[in-house]
Amino acid sequence: MATARRIAPIFAVHDLDAALEFYARMGFSVRPYSGGGYGFATRDGIELHLGVAPEGDKRTSSAYLFVDDADELAAEWRAAGIHVHPPQDTEWGQHEGAVVDRDGNVIRFGSPIRQAAEQ
């Protein structure tokens, strides 16, 4: 049986240069595909693909980013001028926040809720 090694969500974007700039501000290394119409954003071993959608195409995608410290990441992104929905504790044990890019794609991010003794 084949083994899956990794996954890269593909986000539809309408302006590739603007999308690459946005993800670069979020701390991703970005690069356009040399053939045009497509780009890559990588950070800490994760990868997002950015594909130019046809005019009028309103599709959006989402991805969940598991992180060590959701508050720290939210602060980093806020400092870079990114609008962040602040992390909140959830009933399923995660401390989660979200970022929505200019095309409506959502990156939810979360870390385990810290126990009172750790805080």
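Biologist: Which residue in S8 is the bridge partner of Tyr-64?

Modeller: The partner of Tyr-64 is Arg-108 in S8. Before we go on, this is a predicted model, where local features need pLDDT of at least 70, side-chain atom pairs count only at pLDDT 80 or more, and totals for chains, interfaces and linings use all residues. Numbering starts from 1 along each chain as its sequence is written, and side-chain values use heavy atoms, with hydrogens and water left out.

Biologist: What makes S5 and S8 a pair?

Modeller: Two strands pair if DSSP finds at least two bridges between them. S5 and S8 have five bridges, in the parallel sense, so they qualify under that rule.

Biologist: How do you know that S7 pairs with S8 and with S6?

Modeller: The rule is the one for bridges again. S7 and strand S8 (residues 106-112) share seven bridges, while strand S6 (residues 85-89) and S7 share three. Both pairings are antiparallel. Gln-94 stands opposite Pro-112 in S8, and Gln-88 has Glu-96 in S7 as its bridge partner.

Biologist: Why are S5 and S6 called edge strands?

Modeller: The open sheet has four strands in the order S5-S8-S7-S6, with mixed pairing. Strand S5 (62-66) and S6 each have a single partner strand, so one side of each is left without a neighbour in the sheet.

Biologist: What lies between the strands of the two hairpins?

Modeller: The hairpin of S6 and S7 has four residues between its strands, and Gly-93 there takes a positive phi near 90 degrees. In the hairpin of S7 and S8 there are five residues between the strands, and Gly-104 in the turn has a positive phi of about 90 degrees.

Biologist: How many helices and strands are counted, and what makes a run count?

Modeller: Helices are DSSP runs of H or I with at least four residues, and strands are runs of E with at least two, numbered from the N terminus. The protein chain comes to two helices and eight strands, running β-α-β-β-β-β-α-β-β-β from the N terminus on.
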